[in-house]
Amino acid sequence: AELTAQAIILVDPVGQRAVFASTRACNLLFPDGLKPKFPVPLSDFLTVDDQLTDQLRLALMSSAPLTFGLTSGDVRVRVRVGARVQRLDLSDGPPLLLVSLQDEPELSRRFRSLSEEILSLNKQIERRREAERSLALTTSALSRSLAIIRQLSEITTSGGKHLALATRSIVDALGGHSAATLVMSGGHLICVAASGSGLPGLRVNMQLSPLPSQILSAWVDDPLVCNPALVEALGKSAELKLEPERTCVIPFAVNGKPKGAVVAISDNASTFADLTGLEIGIIAEALGSLVSRGEMEAQLSQSSKMEAIGQLT
């Protein structure tokens, strides 16, 4: 066996290890043609997967030789060879598998190389298509966000109806049918604005159903965690069963502190499917800026009133 010019391997199929390999087999499969100290695991020089395991099991049960392909385990250069496997019954131990290797024919090698190139090109094309789809979605999201920002920036806060106008602008731009703006005040959620006819049981300045204490404590740290609870509370107060996949929650902050959220509702689950985190963040920033302007103007108005009262007094 040591002197043979053939590429043969003796395999223990139960332990999945090679107990012997000829010099020619080592040159074909082992990295750099080095001959290891046997026995060695098959995974040291072959790609062992479920298919190979099944083929070895089948060869062990069959008395006739089987033919299939083997792939070397060298990650630098993948070598594919044909293998003819024959069960070898021993008188002093369990049966082994005698594996005779054959170099891949030149024509077969060329076809395999061509197939690999075609597969690589297909993957590149798919990646480019995915990048184009992602770019199209990002462009659409930015255009929609800019439109919302433009509308929010044109809203004046002097009349006290800025939140109602903002709520309507957001739900119209996102394609929903109704929306509500909720603000956290004194440990309670209050509906400060509503738009659309999809929330018939909801009223402005209405206090929503009480939220669990853990949700209230989590609001300060991560408002996104509270989204399901906000949707559920809004649905109870509006006497509706809102489905999370048909809602879009946009939490906003004022001066870096979570202040409230806009909950938009749609009849179609695909309406908010293409919304990105970037778009939601941009809308939330613009909405927080609007609320901050409203609060500052309210404070200035109150200061002016107090100053006028003081002068009158």
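This is a short talk on one predicted protein model, from its overall make-up down to single residues.

Some ground rules. Residues are numbered from 1 along each chain as its sequence is written, and side-chain values use heavy atoms, with hydrogens and water left out. Since the model is predicted, local features need pLDDT of at least 70 and side-chain atom pairs count only at pLDDT 80 or more, while totals for chains, interfaces and linings use all residues.

Let's start with the whole protein. The secondary structure comes to seven helices and 11 strands. Helices here are DSSP runs of H or I with at least four residues, strands are runs of E with at least two, and both are numbered from the N terminus. Next, burial. Of the 313 residues, 36% are buried. Buried means under 20% relative accessible area, exposed means over 50%, and partly exposed is in between, with a 1.4 Å probe and protein chains only. Now contacts, meaning heavy atoms within 4.5 Å. Take the contacts with a separation of 6 or more: 49% of them join residues 24 or more positions apart.

On to empty space. Rolling a probe the size of a water molecule over the atoms shows where empty space is left. The search uses a 1 Å grid over the protein atoms alone. A cavity is a set of points where a 1.4 Å probe fits but cannot get out. A pocket is an open set with protein on both sides within 12 Å along at least five of seven lines. Lining residues have an atom within 4 Å of a point. Points are joined across faces, edges and corners, and a volume is the space filled by probe spheres set on the points.

How many cavities of 30 Å³ or more are there? One. The largest cavity holds about 60 Å³ of space. Its lining includes Ile9, Leu42, Phe68 and Val99. Strand 1 (7-12), helix 2 (50-61) and strand 4 (66-71) each supply at least two lining residues. By class, that lining has 10 nonpolar, no polar and no charged residues. For the classes, Ala, Val, Leu, Ile, Met, Phe, Trp, Tyr, Cys and Pro count as nonpolar, Asp, Glu, Lys and Arg as charged, and the others, Gly among them, as polar.

Now the largest pocket, with about 170 Å³ of space. Its lining is made of His162, Leu163, Val183, Val192, Lys259, Val291, Gly294 and Glu295. These divide into four nonpolar, two polar and two charged. Which helix gives the most to this lining? Helix 7, with three residues. Helix 4 also supplies at least two.

Stay with helix 4 (residues 162-174), where we find Thr167. Thr167 counts as buried because its relative accessibility is 0%. Its side chain reaches the backbone oxygen of Leu163 at 2.7 Å. That is a polar contact: a pair of N or O atoms within 3.5 Å, where, within protein, one must be able to donate a hydrogen and the other to accept it, and residues adjacent in sequence count only if both atoms are side-chain atoms. Leaving out residues up to four places away in sequence, Thr167 touches Ala179, Ala180, Thr181, Ala193 and Ser195. Ala164 is in helix 4 too. Ala164 is partly exposed, at 28%.

Next, Cys191 in strand 8 (residues 188-195). Is Cys191 buried or exposed? Buried, with a relative accessible area of 0%. Cys191 and Asn205 are 14 residues apart in sequence, yet their C-alpha atoms are 5.2 Å apart in space.

Over to Asp12, in strand 1. Asp12 is buried, at 13%. A polar atom of its side chain lies 3.5 Å from the backbone nitrogen of Gly15. Beyond four places in sequence, Asp12 touches Arg17, Val19 and Leu96.

Helix 6 (residues 227-237) is mostly covered, with eight of its 11 residues buried. Among them are Leu230, Val231 and Leu234. Just after helix 6, Glu239 takes a positive phi of about 60°.

Last, the rings. The structure holds one aromatic pair. The rings of Phe20 and Phe38 have centres 6.4 Å apart and planes at 40°, so the pair is tilted. The rule covers rings of Phe, Tyr and Trp (its six-membered ring) with centres within 6.5 Å; planes under 30 degrees apart are stacked, over 60 edge-to-face, and the rest tilted. Phe20 lies in strand 2 (residues 17-21) and Phe38 in the loop between helix 1 (23-29) and strand 3 (40-41), so the pair ties together parts 18 residues apart in sequence. Phe20 is buried, at 13% relative accessibility.
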